[in-house]
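Please walk through this model with the coordinates open.

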Amino acid sequence: MKRKTILVTGSSGLIGSEAVEYFDRQGYCVVGMDNNMRRAFFGPQGDTLWNLERLRSVTRNFIPHDLDIRDGAKVREMFRERHFELIVHCAAQPSHDKAREIPILDFEVNALGTVNLLEATRQHCPEAVFVFMSTNKVYGDAPNEIPLAELETRYDYARPEDFAGVDETCRIDRTMHSLFGASKAAADIVAQEYGRYFKMNVGVFRGGCLTGPSHSGVELHGFLSYLVKVALSGGTYSVFGYKGKQVRDNIHSYDVVRAIEEFAENPRPGEVYKLGGGRENSTSVIEAIGRLEQMTGHKMNRRYLEEARKGDHICYISNLCKFKSHYPKWKITRSLDAILEEIVPLQRAQVAQTTAI
Ligand SMILES: NC(=O)c1ccc[n+]([C@@H]2O[C@H](COP(=O)([O-])OP(=O)(O)OC[C@H]3O[C@@H](n4cnc5c(N)ncnc54)[C@H](O)[C@@H]3O)[C@@H](O)[C@H]2O)c1
């Protein structure tokens, strides 16, 4: 019997690589698309080639391609040559702050790259499932309008009705997004349109903080991964504003891919979902630092900068109710502690390797 084929864009990145491994294990043929642009965005620390090499050694039916999603002609050529059952679109310029230095490149990768893939899907395999990894930054700073209470180590929602977090009804316009949030919002709307207008099996996942062992974490992107890296290398972590009490919810890349799998098995055209760690996996920056200090036994160097990042969320927890009600088999399987317990030894080994060179 012919193997089903899946396309994963951004296949050397955090979520893409988890998807490659997961679907390869399930017996699919997995085609990857990644041009290591993370290195161009963030320098050597963002280089993802180590992850590509790792994938080559652990997979059985993985075919990586060094291809730029901005190149519409090459993208269409690939879709002409292969028939895909599922497209998992993870390639992106992923940084909120980086985008202001490269507005055109950011828009080309995030918006044009996405429409290139959607259109190629429509022309060559319109019945395929297409999952687009969007972001909570499409809401801009609108979530900051939710009334907050300041607690000892974090901000939290003041009203009981907000306890479960921000849901899909939060508005996405008339807010400050950062250029990254704006380019992702453009892609998010176009992806929904292919679902609603063309009735294609498109799903949009608006991620909270996505994390896991395969992140090439850098200061400008990859909250927990970068925090652990700094904690172990003895560097200094910069906290930007809000007294370090800003809250993020963290989800392991495995749980993200499981959500993608659930959607792929029973797609709902044009749907939008929150996808994060939810309240249980939420932490403020200073709480995360405290937990890491406990785990490593070292005090972490940090500096505090009064000015918060523009358009940053003060307290952001993804409300997972909609996804869970549509896909009741899905749940969070990795707690925040379990995530840290997995990342810390891996990063420790990487830091030891770097210092030995
Ligand atoms: N990591 C997070 O906290 C987070 C949060 C919300 C949403 N997201 C979204 O989830 C998706 C995956 O994020 P991630 O953390 O895995 O990012 P990542 O940076 O780890 O992976 C993205 C990959 O895409 C590749 N890439 C970039 N531009 C490309 C191009 N033009 N052509 C081909 N490949 C290209 C990069 O080299 C990288 O390997 C992105 O769309 C991101 O915006 C991530």
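Which residue in S4 is the bridge partner of Thr9? The partner is His89. Before going further, some ground rules. This is a predicted model, where local features need pLDDT of at least 70, side-chain atom pairs count only at pLDDT 80 or more, and totals for chains, interfaces and linings use all residues. Residues are numbered from 1 along each chain as its sequence is written, and side-chain values use heavy atoms, with hydrogens and water left out. Helices (H or I, at least four residues) and strands (E, at least two) are DSSP runs, numbered from the N terminus.

Strand S1 (residues 5–9) and strand S4 (residues 86–89) run parallel, joined by four bridges. Two strands pair if DSSP finds at least two bridges between them. Strands of a sheet pair through backbone hydrogen bonds, either parallel or antiparallel.

Now take the sheet as a whole. It is open and has seven strands, in the order S3-S2-S1-S4-S5-S8-S12, with parallel pairing. Strand S3 (62–65) and strand S12 (271–275) are the edges. Each has a single partner strand, so one side of each lacks a neighbour in the sheet. On average, neighbouring strands are turned by 20° against each other, direction ignored. Axes here are lines fitted to C-alpha atoms, for helices over the stretch in contact, and angles run from 0 to 180 degrees between N-to-C directions.

Two helices pack on this sheet. Helix H4 (residues 72–81) touches S1, strand S2 (29–33), S3 and S4. The direction of H4 makes about 170° with that of S2. Helix H5 (residues 103–124) touches S1, S2, S4, strand S5 (129–135) and strand S8 (201–207). The direction of H5 makes about 165° with that of S5. Contact means heavy atoms within 4.5 Å.

Buried means under 20% relative accessible area, exposed over 50%, partly exposed in between (1.4 Å probe, protein chains only). In a regular strand the side chains alternate between the two faces of the sheet. Here Glu271, Tyr273 and Leu275 point one way, while Val272 and Lys274 point the other way. S12 pairs with S8 in the parallel sense over five bridges. Glu271 in S12 stands opposite Gly203.

Ser134 lies in strand S5. Ser134 counts as buried, because its relative accessibility is 5%. Not counting residues up to four places away in sequence, Ser134 touches Lys184, Asp188, Val204, Phe205, Arg206 and Gly207.

Next comes another open sheet. Three strands make it up, in the order S9-S11-S13, with mixed pairing. Strand S9 (209–211) and strand S13 (282–284) stand at the edges, each with a single partner strand. Neighbouring strands are turned by 40° against each other on average, direction ignored. Strand S11 (residues 247–252) and S13 run antiparallel, joined by three bridges. Arg248 has Thr283 in S13 as its bridge partner. Helix H8 (residues 253–265) lies across S9 and S11 and runs at about 70° to S11.

Turn to a helix pair. The axes of helix H1 (residues 14–25) and helix H3 (residues 49–58) come within 11 Å and cross at roughly 5°. H1 and H3 are therefore roughly parallel to each other (angles under 35 degrees). Ser17, Val20, Glu21 and Asp24 in H1 meet Asn51, Arg54, Leu55 and Val58 in H3.

Gln347 is found in helix H11 (residues 336–356). Gln347 is buried, with a relative accessible area of 5%. Its side chain reaches the backbone oxygen of Ser225 at 3.4 Å.

Most residues other than glycine have a negative phi. Arg174 has a positive phi of about 55°. Arg174 lies in the loop between strand S7 (155–157) and helix H6 (179–196), and is exposed at 65% relative accessible area. Lys243 also has a positive phi, near 60°. Lys243 lies in the loop between strand S10 (236–240) and S11, and counts as partly exposed at 46% relative accessibility.

Notes: A polar contact is a pair of N or O atoms within 3.5 Å; within protein, one must be able to donate a hydrogen and the other to accept it, and residues adjacent in sequence count only if both atoms are side-chain atoms. Angles under 35 degrees count as roughly parallel, over 145 as roughly antiparallel, 65 to 115 as roughly perpendicular and the rest as oblique.
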